[in-house]
Amino acid sequence: MANLSQPSEFVLSGFSSFGELQALLYGPFLMLYLLAFMGNTIIIVMVIADTHLHTPMYFFLANFSLLEILVTMTAVPRMLSDLLVPYKVITFTGCMVQFYFYFSLGSTSFLILTDMALDRFVAICHPLHYGTLMSRAVCVQLAAAAWSAPFLAMVPTVLSRAHLDYCHGNVINHFFCDSAPLLQLSCSDTRLLEFWDFLMALAFVLSSFLVTLISYGYIVTTVLRIPSASSRRKTFSTCGSHLTLVFIGYSSTIFLYVRPGKAHSVQVRKVMALVTSVFTPFLNPFILTFRNETVKTVLQGQMQRLKGLCKAQ
């Protein structure tokens, strides 16, 4: 057998344990993927087209929806095609590229969620300074930092994996090139690399989560001081959709990645990866639509405008 210390390709096991039944997963997963793509695309178009949504909150929301589309594109189309073929091969370079973009985009999405929390903190706790503190230039800088930092930080991470010795075979027990399954194939000493992964998770996931929690701690304290009950409800409803996104996004990721070493079974990792790459992007547009009065108003206005155009024709 050829030396697999630097394999030219990997085999993704995916859902091979389902045998011929894995083809039955294609339809539901394809539907979820298309709905997630369309839902997040609608949000982006709506934010760009409607002047009522040209605010910092919806600027960050459009960034988040774009990230949801891109994250799913890194893993889901490949997973869908592999459900229909018996031999699921990905080149070594393709695997490293997928790894790089999946984790870079995923880390960026958490930083954008933190930007959204900071925006709500300034809007509610310091409303008189909101225009200055959250100016267009500041928002662009925050978004640029959120996009650039993970992409730069992931360069040494992916290069270190590219130089590992993979002498325990070339079959990745997952449907994409995840971190732990790759390390399990290596016969190199990966303890330092695992600790680096843990530090990266702390930097981009746990730290942003703590900033978000602190921001909402101040927000809750400020809102409870509002004398009007209706004003309190309105303010909480504004933050409700973002809090839901925070809970769904952080819970699964912290469970998987903010622990050193190869802490979870492969099946658990597959299920949680499905949650973050398929189900969460599918749910987010619905959460943002049903929990946000401004978005619902804009959507209703767009629907009325379309009906008017159809009647005119």
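What is the handedness of the link of Cys 95 and Cys 177 about the S-S bond? I will come to that in a moment, after a word on the model. This is a predicted model, in which local features need pLDDT of at least 70 and side-chain atom pairs count only at pLDDT 80 or more, while totals for chains, interfaces and linings use all residues. Residues are numbered from 1 along each chain as its sequence is written, and side-chain values use heavy atoms, with hydrogens and water left out.

Searching the whole structure gives two disulfides, a disulfide being a pair of cysteine sulfur atoms within 2.5 Å. One of them joins Cys 95 to Cys 177, with 2.0 Å from S to S, and this link is left-handed, with -130° about the S-S bond. It ties together distant parts of the chain, since Cys 95 sits in helix H3 (residues 92–125) and Cys 177 in the loop between strand S3 (171–172) and helix H6 (179–184), 82 residues apart; helices (H or I, at least four residues) and strands (E, at least two) are DSSP runs, numbered from the N terminus.

Cys 95 is buried, at a relative accessible area of 0%, and Cys 177 is also buried, at 0%, where buried means under 20% relative accessible area, exposed over 50%, and partly exposed in between (1.4 Å probe, protein chains only).

The other disulfide joins Cys 167 to Cys 187, with 1.8 Å from S to S. Here Cys 167 is partly exposed, with a relative accessible area of 38%, and Cys 187 is partly exposed, also with 38%. Numbered in sequence order, the bonded cysteines of the chain pair as 1-3, 2-4.
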